[in-house]
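Colleague: I have the sequence and the coordinates open and would like to go through them with you. Please keep to what can be computed from the atoms.

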Amino acid sequence: MRIYCTKDYKEMSRKAANLISAQVIIKPECVLGLATGSTPIGIYDQLVEWYHKNDIDFSEVTTVNLDEYRGLTKENDQSYYYFMHTHLFDRVNIRPDHSFIPDGTCEDSEFECRRYENQIRSLGGIDMQLLGLGRNGHIGFNEPSDSFAQVTHCVDLTQSTIDANKRFFASEADVPRQAYTMGIGTILQAKKILLVASGEDKAEAVKNTLFGPITPYVPASILQIHPDVTIVADEAALSLCKL
């Protein structure tokens, strides 16, 4: 496990974007696992900037996203489909038929989870998976639980996750209560994992992830067993860690 401590969010974003761009340059046809939420926005902005400077080419890249809210259409401005097109896909030359996101409108959850898991496998797996970190230690929408979910599944969101995401919606009542998400087992099959975190409110989760016991009650703690994990976090997020 490699840990990079950056001064602030801007430096964190640039460092993480540098690692992703290096992956694309080394293997232009790579499969990138992508994340949503507020933390990766700076990373995507940096990648877009480098794309417009002709420093990076996404034409052969394939992407798979971690998760999607269940029940939101692609046109909903809070869907992760909408998020990815707004912040990355529509701003670079990623081919539309090479980007994959769970279908939040599929009512048959078992079918959709199985379909998406098979889609990832058909691509030969993920070369680099980008992860954010929830305040309760979740990655993707894998919430604290009695066990680690192995494959893509439909999850009931915890109240803490609903509270963290309600700022993006008109009211708490509008926040979806379920989501489709890659399982912990699916994430761990990625060849490389890049975890990013920013802000003092993530400090406890970062500490528990990196140095606490491996437990499904802190889902991200399982990353301790992966052979190729890079952490990029700012000083505030690492403030409780003794590096």
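Colleague: Leaving aside its neighbours within four places in sequence, which residues is A237 in contact with?

Modeller: This is a predicted model, and local features are taken only where pLDDT is at least 70. A237 sits in the segment after strand 10. With neighbours within four places in sequence set aside, its contacts are A197, S198, G199, E200, K202, A203 and V206.

Colleague: Is A237 buried or exposed?

Modeller: The cut-off for a buried residue is under 20% relative accessible area. A237 has a relative accessibility of 0%. A237 therefore counts as buried.

Colleague: How many Å apart in space are A237 and T6, C-alpha to C-alpha?

Modeller: In sequence, A237 and T6 are 231 residues apart. In space, their C-alpha atoms are separated by 9.6 Å.

Colleague: Where do the buried residues of helix 7 fall, seen down the axis of the helix?

Modeller: Helix 7 spans residues 203-211, and its buried residues are A203, A205, V206, T209 and L210. Seen down the helix axis, these residues fall within an arc of 160°, so they line one face of helix 7.

Colleague: Where is R135 found, and which residues is R135 in contact with, leaving aside its neighbours within four places in sequence?

Modeller: R135 belongs to the loop between strand 6 (128-131) and strand 7 (153-156). Its C-alpha atom is 8.0 Å from that of T161, which is 26 residues away along the chain. With neighbours within four places left out, R135 is in contact with D201, K202 and A205.

Colleague: What covers the buried residues of helix 3?

Modeller: Helix 3 runs over residues 80-87, with Y80, F83, M84, H85 and H87 buried. The cover of these residues includes strand 2 (31-34), helix 2, strand 3, strand 4 (67-69) and helix 5 (159-165).

Colleague: What is the phi of N54?

Modeller: N54 is in the loop between helix 2 (41-52) and strand 3 (62-65). At 70% relative accessibility, N54 counts as exposed. N54 is not a glycine, yet its phi is positive, at about 65°.

Colleague: How many Å separate E29 and D127 in space, C-alpha to C-alpha?

Modeller: E29 lies in the loop between helix 1 (9-26) and strand 2, and is partly exposed with a relative accessible area of 43%. E29 and D127 are 98 residues apart in sequence. Their C-alpha separation in space is 9.8 Å.

Colleague: Turning to the whole chain, what is its radius of gyration?

Modeller: The chain has seven helices and 10 strands. For 243 residues the globule rule gives 18 Å, and the value for the chain is close to that, so the chain is as compact as a globular protein of that length. The radius of gyration is 17 Å.

Colleague: What percentage of the contacts with a separation of 6 or more is accounted for by residues 24 or more positions apart?

Modeller: Of the 243 residues of the chain, 55% count as buried. Among contacts with a separation of 6 or more, the share from residues 24 or more positions apart is 79%.

Colleague: How many Å apart are the mean positions of the positive and negative charges?

Modeller: The accessible surface of the chain is about 11000 Å², with 50% belonging to carbon and sulfur atoms. The chain has 23 positive and 33 negative charges. The distance between their mean positions is 5 Å.

Conventions:
Residues are numbered from 1 along each chain as its sequence is written. This is a predicted model: local features need pLDDT of at least 70, side-chain atom pairs count only at pLDDT 80 or more; totals for chains, interfaces and linings use all residues. Side-chain values use heavy atoms; hydrogens and water are left out. Helices (H or I, at least four residues) and strands (E, at least two) are DSSP runs, numbered from the N terminus. The radius of gyration is taken over C-alpha atoms; the globule rule is 2.2 Å times the number of residues to the power 0.38. Buried means under 20% relative accessible area, exposed over 50%, partly exposed in between (1.4 Å probe, protein chains only). Contact means heavy atoms within 4.5 Å. Accessible areas come from the Shrake-Rupley method with a 1.4 Å probe; for residues, only the protein chains shown count as cover. Lys and Arg count as positive and Asp and Glu as negative; His and the chain ends are not counted. The place of a charge is taken as NZ of Lys, CZ of Arg, CG of Asp or CD of Glu. The arc is that of the directions from the helix axis to the C-beta atoms.
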